[in-house]
Structure formats: C-alpha cells, structure tokens
Amino acid sequence: MKTLCSIPIILSPLMLSVSGAVLQHVSQLPSTSYDFIIVGGGTAGPVVANRLSENPSFQVLLIEAGPTNAGVLNAIVPGFYTKLQKSIYDWNFTTVPGTGIHNRTIAYARGFILGGCSSHNGMLYTRGSKDDYDRWAKVTADPGWSWKNLMPYILKNERWTPSAVHGNGDFDPSVHGYNGRMFTTLPTSPQTFDPRILEVPKQLPDTFPFLRDINAGRPLGLGWIQASIGNGSRSSSATAYLSEAYTSRKNLDVLLNTKVLRVRGTSNSSFNFVEISGKHFLQSIVGKNLTDQPISSVTYSVTSNGFWDTLNTNVTLQNIAFAEWNNSKTGPYASPLTNFLGWSRLPSNSSVIKAFGDPSAGQNTPHIELLPHTASSQASQPGLSGALTLILVSPNSRGSVMLDEADPFGKPKIDLGFFTTDFDIHAMIEAIKLAEKFYSAPAWKGYIVERTSPSANATDDQLEEYIRGSAITSFHAAGSAAISARGASYGVVDPDLRVKGASGLRIVDASVMPFITSAHTQAPVYAIAERAADLIKGTAFHIFLRCAAWISHTDVSGAVLQHVNQLSSTSYDFIIVGGGTAGAVVANRLSENPSFQVLLIEAGPTNAGVLNAIVPGFYTNLQKSVYDWNFTTVPGTGINNRTIDYPRGFILGGCSSHNGLVYTRGSKDDYDRWAKVTADPGWSWKNLMPYILKNERWTPSAVHRNGDFDPSVHGYNGRMFTTLPTSPQTFDSRVLEVPKQLPDTFPFLRDMNAGTPLGLGNGVRLQDGSKLALVMDQGVALPQPIF
C-alpha cells in the first residue's frame, strides 16, 4: 500500500479476545506500510479497525501497548472486574494532589490490555440524555453529533439480549439495537434488596419515578441497570470487534505489547504532537478541559439475611458463586455490582443553581447519579453494610492531563480538578441529602439500622469536609482533546475528528467530547467510534481516487494506468470521477471528439480477467469480495433496527460489473414525472428514448421469436448488448400458462421494456446472445431467466 495514503488515527487503549492475525512483536509485522494505522486498542480503536477492515482494499494496523485479553479470567467474569485494578492489566496511574480534595492523590485505573477500559470497567451501559448530544451538535455546528443522528450508530454498536428474568416492562425494545457487535442486557442475578428498591418509585414518585428504560434519552428516575454483558461474560470492544472472525481478515493486523513514541505528519500550527502508547498530547493545546465525574457515598449499617450477603468475605460462598458462573454463566458473578441506577436533577429553583448556574445540558439531563449497593460484608468491620454511591454526572470543574516534562516517557500528570468550582461541591452536598431522602421511603423500614458515614445530622460544612476528604473518581476522563466547530479558535479536533492544523491525523476516543455526557462513558465512546469509522471511510473514498486509482483516458481497452504517477498530463478538459455504470459512458462519448482530453478515475481495480465478472452465473461471488465496497446500512427503524449488507461494485464498471444484469427500463410514467418535476421535457420518455436506443445493441436469442419481444422498441447499434434468456428452465412452460389462466391479473407482456410493464414476460439481460460465454462491459448476468 502507499504510505502517501496512510492515515494515523489516535485512540485510547483497548482490549480484545483474539486468535487471528494478532502479533506480539513489531518484528512480526508482514508489512511496514498501511492505509490506516490506529494507535490504541481501547474502547474506540477496535471499532474503527473492524469497520475500516470491512473494506478488503484497506490495509489496517491496530497497535496496542498492553497484552491480549484472551484467557484473562478477571476480564471475562463480570464479578471479577475490580481485580484488574492495580494489576499487570492496569496502567496504574496516580493523579497529582488535588486542591479541591485536600491535596489528596487518587489511584487512576486505565486498562493496559487489549480492549482498554472496555475490558477493565464496571460494564455499566448508560447513554446519557438527549440534551447531552444535542449540545455537542450545537457547539460543534454539526448536526451529525445530535441524539437523533447519533442514534443509528448507538444501535449499530448494540446487540441487545433480553434477560430471561425480565419482561418488556423493564426496558423499551424500541430504543435498542439487535444486530450490533457488543452485547448488552439487564441484570440476571436478583439481589436481596431488589423488592425494596422497586417500592421506592411507588412511595416517592415525585423524586424517584420509575424509569422503564434508562437509555431512552431522559434518565431521570430509577430503573434496572443495563450492562455490556452477553451470556454471562463481559462484552468488550475486543471481544465484540476483534474476535477471530475479524482478526482473521487478511487486511487487518493487530500488534500488541507495542508503545508508539512518535507520529510523523504534516502540521501548519504551533503545537507539537507526541504519542506515547495511546497517551496523546498536543503540547499547549491537548490536555486542557479534562472532565471527570467525582464520586462520594453514603453508607449504612443494615439488617439482612440474603444468601449472598457475605460473599465478599466468605470463601465458601465465593467458590459456590464461581462454580455457578463456570457451569452456567449465572449467579452473582454474572452481573455487575448493582441491579439499579437512579438519576436526579436539582430543582430549577434550587439555591445552588440560582447562585452558581446550571452546567447540565438541559432539562432532560441529571446532575446526580445514584448507585445503590445491596447488603454486603467487609473484612474491616462487623455486621453488614449498605451504601449509595453518588456520582456528579454534570460537573462544572475542569482539570488537565499533561506530559511530565522531567520524564516525558513516564506517567502523565493527571489533575482531575475535582471540586474546584462552587457548583460541584454544593451539588454534591445536595446529593447526600438526596440519598437520605431515598432511604427515608417506608420500603427501608427494618433494613436500615443507622447511617455510618457521613455522620448522621452532619452540617453542610461537615458534609463539605467529608466530601473533600473522601471523594474518589468514576474513571470517566473526557474532553481533553475536544471537538469544536470548524474555524473555532479553541478545541483540538474539528467535527470530523481531524486534528486542527495537522494533516492525516484524527483522534477518536472520550477525549473528543466537548462536554462529558451524564453517563458512564463507554456507550457514547462506542457511538463516537462508529460514526468516526463512517467519516473516515467517506474521506478514504476521495483518498483512493487520488492515491489508488485505475485510470483510463478513453475506454477499457485503451490507455489504462495503474498509478497516478503514470499520467501523461496534469491538464484535462474533462475529469470524470468514478468509472461505474455512467462514468464509462460519458468518458467514451466525450473522447469521440479528438480535441477533448478526457480523464476517467476509478477507485477500484480493472475488471479484465476477473472470472466472476465475466461468467453470468458467478455474479454472487463478487459480493463481500475485494471487488465490493462492502458497505452496511445503519439500523432501519422500519425493519426492527436491523442492518443490511449493501454491495457496491469496487471494480472498473462499478455496479454494472457487479450486478445481476436484469435490463428493465420502467414505465413511461416514470420518465414523464421526471420531466414534470424538473420542468424539462428532455427528461420525458419520448425524448429519452433516442438515448435508450443509442445505448443498446439488441441481439435476439436463437430460442425466441418476435412474439417474445417487440423489435420496434430496441436499439441495434449501441455499445451495450442486451438479449433474451437462452437457457430453458424446468418451470418455463408452467409460467407461460399463468397469463392464459389468470389473464386479468398476469397478462402476457410481449416486451417488458415497451413502457407499460404490467404483466408477465421474458426477462431481458445484458448479455451478447450470439456469444453466450461472454458478458459485456456491464458485469454478470443472472444464471436463470426472470419473468
């Protein structure tokens, strides 16, 4: 492949389950030149690598600093995810002392494993609110980032698998995808306090209404969690997008255990780009605006007698739970840490909002997430405890991530900036008060013994001290390479995710979010990555026109060139982009005038010698081959959110070298409507007929007579051969009886291309009837007659 066309794409680290073309060392690479090099195999990287390598003409390399996820039990069993932290599968970062958290440092887990944080996180699958994405669209001046326009990508990623223990009342089937790569589901293992949780929306409906589906775009209330789990195991970007079915593609290489120290490219701006193993920094620009969602918690001593209550400290129970998971992929280890999530907004008349403003994206957007924990045992204290984790999902504080100037190849300086604005600390104080209200519902009578932290009846000042002294992170770093509108003086990437001021470089991960969503970040990152792949493919189409084109001056038997550097001229009267069905015609007719210099550019290879594009009966072999663009539709709302493979000819002749060769013109009315809506009679049936005949070279079949077609509606001196079927089929005689037996419904059509195609007739195909082994420039014919 040409390094001229290589496009580095920077993505955060990721994880995968693989056994195909997965390499352990750079010396094993089969090539040193790729069309796309993706740095970082995190949540986004495998998505982009998978989608780009769907086109077999693209050579794709994905580089990951960490090892494979294959066989890593803690990255497979959902209940073991915390064991990955501070292990060899963790970057083991630590933040700098935070001024808003009493100068404490916080351990900052990042997945050092194929799949990155999607192989390392808590698997909670939340999208956030409609407002979050609509704000992205507004600040980027690109409606493609809106909730409505990103929804097809959200659905394209998702493979929803309803839980056997839940009905449609616990989720909304209309807001999920069913044919994506990544599994999502509802919890499968009941917890002791589930019945009490379900009573809260009934008892406190104004504060905690029941959410049928937490991912429908307005997450305000309490509902069942959704998680990236399938069949009782973690579903990550590695398992979903880099399984053996995909890594076995000949055009996709995955290189593990490799750190990238520098990306070379062109730049006309003042910053320097440094890439170190997926930790990317454009010095003086990237790294600012980092946003994370701080966590505080309220804990209680509780009374409970659930079977699994002492799982944390009881080795016997742990062995039972793992045996159940190992045998049936069920039990407490098959689900994430909780079965419910809740969200709430500060009221519009809140003194906090009046004093400090509202940083949320809108009225559909929560400020606070509540994550309740069932009764559990702790080695450090007697009895059982319960807790409510509180996450500030719409924070106002900002931090940064920068290289350490003293050791640029070491760990970065991460400043989360927690509680450096007044809104955040006061909103978290209100969150603790909200937790107290949650547990004030009658449902908790006989369960809650007392609040153990923060102390009961604490003042606001005491709550502030508690929060600053104990708050931790949700590990949701985002925004440090934010998207901004084209032409904006701020921001790092444009709405197409291209690094501003650089050429051939994009960033695709959570860092591009202009504002963090009110969600756990994996779901929006998957959507970003899916859209990014389409954006890149769209650009790559034009790149291939420039860098990998097959070029013809006139027709397929003339001066056909293999590379742009073979062009005899850089000046033409006419340049035709696309050598498909129409392009070849226009090039041929224009070059009939010897005074015109004509250039035809085609992205794909020649059709010469391609047997499947010659033999009529082999046409289906072209689909999902190197001669196909291998497109896939977005999920269709009218087809149960399914996607459909959409073949397009990646070959000289385009779809005319790739299709089934059925030759039908349509009705007179079709063309006359064109003439009417364009106010141009030249597009009518009558006035287009000379061009239809000019194209056609009708060659009657030896097995048909004039009763099977109308000689007056065909052309005989055109470029493209057409004919009737030549190979009788078993049911032909029966089909011919139908017009006689049902003449009102299926009258016999003497010629299907005479302008009134209503009835049943012999199919016409693009084939030379006198040379039955030869298919003309248009590709392949169907292997059977079509009536």
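Predicted model: local features only at pLDDT ≥ 70, side-chain atom pairs only at ≥ 80, totals over all residues.
Trainee: Let's start with the rings. Why is the pair Y133 and W136 called edge-to-face?

Mentor: The planes of Y133 and W136 stand at 65°, and an angle over 60 counts as edge-to-face. Their centres are 5.0 Å apart, which is within the 6.5 Å needed for a pair. A search of the whole structure finds 29 aromatic pairs.

Trainee: What separates Y133 and W136 along helix α2?

Mentor: About one helical turn, because they are 3 residues apart in α2, which covers residues 130-140.

Trainee: And how do you know whether Y133 and W136 are buried or exposed?

Mentor: Buried means under 20% relative accessible area. Y133 has 1% and W136 also has 1%, so both are buried.

Trainee: What makes W674 and W683 an edge-to-face pair?

Mentor: Their planes meet at 70°, over the cut-off of 60, and their centres lie 6.3 Å apart, within 6.5 Å. W674 has a relative accessible area of 43% and W683 has 40%. Both values fall between 20% and 50%, so these two residues are partly exposed.

Trainee: How do you know that the charge of R135 sits over the ring of F515?

Mentor: The charged end of R135 is 4.0 Å from the centre of that ring, and the distance limit is 6 Å. The definition also asks for a position within 35 degrees of the ring normal.

Trainee: On to the backbone. What makes the peptide bond between S453 and P454 worth a look?

Mentor: That bond is cis, with omega about -10°. Most peptide bonds are trans. P454 is in the loop between β23 (448-453) and α10 (460-470).

Trainee: Which residue in that loop between β23 and α10 is N457 to be noted for, and why is it called exposed?

Mentor: N457 has a positive phi, near 65°, and its relative accessibility is 77%. Exposed means over 50%, so N457 qualifies. M123 also has a positive phi, near 70°, but at 0% relative accessibility M123 counts as buried.

Trainee: Last one: where does pLDDT stay under 50?

Mentor: Over residues 1-8 and over residues 769-787. The mean pLDDT of the chain is 86, and 87% of its residues reach 70 or more.

Technical notes:
Residues numbered from 1 in each chain as written. Heavy atoms only, no water. Phe/Tyr/Trp six-rings, centres within 6.5 Å; stacked < 30°, edge-to-face > 60°. Helix = DSSP H or I, 4+ residues; strand = E, 2+ residues; numbered from the N terminus. Buried < 20%, exposed > 50% of the residue type's maximum accessible area, 1.4 Å probe, protein only. pLDDT = per-residue confidence, 0-100. Contact = heavy atoms within 4.5 Å.
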